[in-house]
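I opened the notebook with the coordinates loaded. I wanted the fold first in view, then the packing, then a few single residues.

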Amino acid sequence: MSVEMTSIFGSGFMVLGAFIIATAAIGLIRLPDVYTRTSAVGTAAGLGVSFMIIGVVIFDYSTLNLIKGIIAIIAQLVTSAIGSFMLARASYMTGGKPVETTVPDELADQS
């Protein structure tokens, strides 16, 4: 692949990742409760950072960087999903109630 093509693809993935993270930042302001905000940030952390890692690997490709990138993406996807779930669960357990339009409230049945 030529240098120009790698620059275009690498930049494209990095811009896409930045766009996803910026969208989550807007969601932090506009979404109604902590649970939807946590979902937005968890998704952005998983996808946005993963796209940025792909862009960096394309810019500076080597087998070692590819392996590091794959490991980093897997770790990011796993930890962002688990982290956002635990933040939302902790918020609920400490009294944070979901917005009224949340139906059904399955955790209320467990209390």
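Does Leu 66 count as buried, partly exposed or exposed? I looked up its relative accessibility and got 33%, so I put Leu 66 down as partly exposed. The cut-offs matter here: buried means under 20% and exposed means over 50%, so 33% falls in between. The model is a predicted one, and I kept that in mind throughout. Leu 66 sits in helix H3. I also took a distance from Leu 66 to Gly 17, which lies 49 residues away along the chain. Their C-alpha atoms are 18 Å apart.

**Entry: overall fold**

I counted four helices and zero strands in the protein chain. Read from the N terminus, the order is α-α-α-α. I then looked up the radius of gyration, which is 18 Å. The globule rule gives 13 Å for 111 residues, so the chain is more spread out than a compact globule. The C-alpha trace spans about 60 × 25 × 20 Å along its principal axes. I noted the burial too: 23% of the 111 residues count as buried.

**Entry: H1 against H2**

How do H1 and H2 run relative to each other? H1 covers residues 3–30 and H2 covers residues 34–59. I found an angle of about 165° between them, with the axes 8 Å apart. Because an angle over 145 degrees counts as roughly antiparallel, I logged H1 as roughly antiparallel to H2. Their crossing is left-handed. I sorted the contact of H1 with H2 by class and got 20 nonpolar, eight polar and one charged residues.

**Entry: H2 against H3**

I repeated the check on the next pair. H2 and H3 pack at about 175°, and their axes lie 9 Å apart. That makes H2 roughly antiparallel to H3. What classes make up the contact of H2 with H3? I have 15 nonpolar and 10 polar residues, with no charged ones.

**Entry: along H3**

H3 runs over residues 63–93, which is 31 residues. From first C-alpha to last I read 45 Å, close to the 45 Å expected at 1.5 Å a residue. Which residues of H3 are buried? I listed Gly 69, Ile 73, Ser 80, Ser 84, Ala 88, Ser 91 and Tyr 92. For the spacing I recalled a general point: an α-helix has 3.6 residues a turn, so residues three or four places apart point the same way.

Ile 82 is also in H3. I looked up its relative accessible area and found 51%, so Ile 82 is exposed. From Ile 82 to Thr 94 is 12 residues along the chain, and the C-alpha separation is 18 Å.

Past the end of H3 I checked a backbone angle. Gly 95 follows H3, and its phi is positive, near 105°.

**Entry: the H2–H3 loop**

Which residue did I pick in the loop between H2 and H3? I picked Tyr 61. Is Tyr 61 buried or exposed? Its relative accessibility is 55%, so Tyr 61 counts as exposed. I then took the distance from Tyr 61 to Thr 6. The two are 55 residues apart along the chain, yet their C-alpha atoms are separated by 9.3 Å.

Terms used
Residues are numbered from 1 along each chain as its sequence is written. This is a predicted model: local features need pLDDT of at least 70, side-chain atom pairs count only at pLDDT 80 or more; totals for chains, interfaces and linings use all residues. Side-chain values use heavy atoms; hydrogens and water are left out. Axes are lines fitted to C-alpha atoms, for helices over the stretch in contact, and angles run from 0 to 180 degrees between N-to-C directions. Helices (H or I, at least four residues) and strands (E, at least two) are DSSP runs, numbered from the N terminus. Angles under 35 degrees count as roughly parallel, over 145 as roughly antiparallel, 65 to 115 as roughly perpendicular and the rest as oblique. A crossing is left-handed if the near helix is turned anticlockwise from the far one by less than a right angle, and right-handed if clockwise. Ala, Val, Leu, Ile, Met, Phe, Trp, Tyr, Cys and Pro count as nonpolar, Asp, Glu, Lys and Arg as charged, and the others, Gly among them, as polar. The expected span of a helix is 1.5 Å times one less than its number of residues. Buried means under 20% relative accessible area, exposed over 50%, partly exposed in between (1.4 Å probe, protein chains only). The radius of gyration is taken over C-alpha atoms; the globule rule is 2.2 Å times the number of residues to the power 0.38.
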